[in-house]
Amino acid sequence: MIECKNINKSFNGKQILKNVSAQFEKGKTNLIIGASGTGKSVLLKTLVGLVHPDSGAVLYDERDFTQANKDEKQVIRREIGMLFQGGALFDSKTVEQNVMFPLDMLSNMSKSEKTDRVNFCLQRVGLDQAAKLMPSEISGGMAKRVGIARAIVLNSKYLYCDEPNSGLDPQTSIRIDNLIQEITHEYDITTVVVTHDMNSMLEIGENIIFMFKGEKIWEGTKDNILETDVKDLQDFIFASKLIRDMKN
Ligand SMILES: Nc1ncnc2c1ncn2[C@@H]1O[C@H](COP(=O)(O)OP(=O)(O)OP(=O)(O)O)[C@@H](O)[C@H]1O
């Protein structure tokens, strides 16, 4: 489980995160949702240690990440997989080399062990046939799958996905969402997905927090979000005609 407790963060005197507390559960797809500019990315960066909070704590299975020393932070960082928004693949490396990169940097595995692990992960995301292709030769959805394979290659305990559906068509988005959820369940990972995609929310939102102007103002699941009586959340959800129609 990842926990954040009473996180506050200001930039240039403007408070961006206001006393945010949340629990992201193990073996579940935990979603952070909210409109643009509400602090989702700043919260995500705080969770992974790229932003240091003014006050509050981030805990990884009860290990205090905020107060940890350099070595302790390094241990936790190695347990974190990250799926970046654009896929963030290295253009000059093949699919296989991209997935192998974290193993090259952070593991002591032999060449054949690394190859086995990469093959396993590529197979898991359905891309074993694409191992020798360059990023320029694959589609956006495939690039996201390579990103997922790379994020789990080190046997991550925690998986962060930043807008995993950006730039994808609805069908491919659902496939990516389902893959993220399957992997979360299969390997019992604590997964945190930042999204404003309504379909994702209703497909994989096993635990959802709603951010509004820097505050967490609602938490729940895909099963009760449409019944919310929180006005700002209603405005956010029902801005989409499709969702309005589904409710009626
Ligand atoms: N390093 C920074 N310095 C100053 N202000 C920042 C910094 N990072 C973020 N902000 C501000 O914090 C606010 C929240 O930004 P954030 O990127 O977290 O929003 P978001 O909810 O992720 O939006 P989006 O969905 O558009 O990505 C914005 O007003 C942004 O300008």
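Predicted model: local features only at pLDDT ≥ 70, side-chain atom pairs only at ≥ 80, totals over all residues.
N19 is found in strand β2, where helices (H or I, at least four residues) and strands (E, at least two) are DSSP runs numbered from the N terminus. N19 is not a glycine, yet its phi is positive, at about 50°.

Residues are numbered from 1 along each chain as its sequence is written. The mean pLDDT of the protein chain is 91, and 96% of its residues reach 70 or more; pLDDT is the predictor's confidence in each residue, from 0 to 100. The model scores ipTM 0.96 and pTM 0.91.

Let us stay with backbone angles for a moment. D61 has a positive phi near 45°, and this residue is not a glycine either. D61 sits in the loop between β4 and β5 and is partly exposed, with 13 other C-beta atoms within 10 Å. K213 also takes a positive phi near 45°, in the β9 and β10 hairpin, which has 2 residues between the strands.

Now to the sheet that holds β2. It is an open sheet of 4 strands in the order β2-β1-β4-β5, with antiparallel pairing; two strands pair if DSSP finds at least two bridges between them. At the edges are β2 (14-24) and β5 (63-64), each of which pairs on one side only. Within the sheet, C4 stands opposite V58 in β4.

| Strand pair | Residues | Bridges | Sense |
|---|---|---|---|
| β1 and β4 | 2-11 and 55-60 | 5 bridges | antiparallel |
| β9 and β10 | 207-212 and 215-220 | 5 bridges | antiparallel |

Next comes the ligand. It is surrounded by F11, N12, I16, G34, S36, G37, T38, G39, K40, S41, V42 and H196, a residue being near a molecule if its C-beta atom, placed from the backbone, lies within 6 Å of it. Helix α1 (residues 40-48) gives the most to this shell, with 3 residues. By class, the shell has 3 nonpolar, 8 polar and 1 charged residues; Ala, Val, Leu, Ile, Met, Phe, Trp, Tyr, Cys and Pro count as nonpolar, Asp, Glu, Lys and Arg as charged, and the others, Gly among them, as polar.

Which residues of helix α3 (residues 95-106) are buried? They are V95, E96, N98, V99, M100, P102 and L103. Their cover includes α4 (111-124) and α5 (140-152).

Finally, the whole chain. The protein chain has 9 helices and 10 strands. Its radius of gyration is 18 Å, close to the 18 Å that the globule rule gives for 248 residues, so the chain is as compact as a globular protein of that length; the radius is taken over C-alpha atoms, and the rule is 2.2 Å times the number of residues to the power 0.38. The C-alpha trace spans about 55 × 45 × 30 Å along its principal axes. Of the 248 residues, 39% count as buried. Among contacts with a separation of 6 or more, 65% join residues 24 or more positions apart, a contact being two residues whose C-beta atoms, placed from the backbone, lie within 7 Å.

Conventions: Buried ≥ 20, exposed ≤ 12 C-beta atoms within 10 Å, placed from the backbone.
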